[in-house]
Amino acid sequence: MATNEYQVTGMTCGHCELSIREEVGQVAGVENIQVSAQTGRLVVTGPVDDAQVLAAVEEAGYSAVRSA
C-alpha cells in the first residue's frame with residue numbers, strides 16, 4: 001500500500017484539517033487520510049498522484065510539499 005507524506009503550511013485548527021480532508025478525499029485513489037494541524041502533517045494512503053494531492057491542498061487554501 002502506497003503511503004505519501006506531506007508537510008502542510010497554514011493549518012491552525014480542526015476546521016483546517018476538515019477542509020484539507022474534504023478536498024484530498026476527492027482525489028482518485030485516496031483510501032485513507034491522516035491530517036494534523038498541530039504537526040502540519042498530511043499522510044495519504046492509496047495509489048495517488050502527488051500533483052493531484054498538492055492541488056487539492058491548494059484548493060483548500062493551504063500549501064504543501066512532499067516530505068517522505
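Modeller: Start with Asn 4, whose side chain makes a polar contact with the side chain of Arg 66 at 3.0 Å. A polar contact is a pair of N or O atoms within 3.5 Å; within protein, one must be able to donate a hydrogen and the other to accept it, and residues adjacent in sequence count only if both atoms are side-chain atoms. This is a predicted model: local features need pLDDT of at least 70, side-chain atom pairs count only at pLDDT 80 or more, and totals for chains, interfaces and linings use all residues. Residues are numbered from 1 along each chain as its sequence is written, and side-chain values use heavy atoms, with hydrogens and water left out.

Biologist: Is Asn 4 buried or exposed?

Modeller: Asn 4 is buried, at 8% relative accessible area. Buried means under 20%, exposed over 50%, partly exposed in between (1.4 Å probe, protein chains only).

Biologist: How many salt bridges turn up in the whole structure?

Modeller: The search finds 2. A salt bridge needs a side-chain nitrogen of Lys or Arg within 4 Å of a carboxyl oxygen of Asp or Glu.

Biologist: Which residue forms a salt bridge with Arg 66?

Modeller: Asp 50, with the closest N and O atoms 2.6 Å apart. Asp 50 is in helix α2 and Arg 66 in strand β4, 16 residues apart. Helices (H or I, at least four residues) and strands (E, at least two) are DSSP runs, numbered from the N terminus. Arg 66 is partly exposed at 38%.

Biologist: And what does Glu 5 pair with?

Modeller: Arg 41, in a salt bridge of 3.0 Å, N to O. That pair links strands β1 and β3, 36 residues apart.
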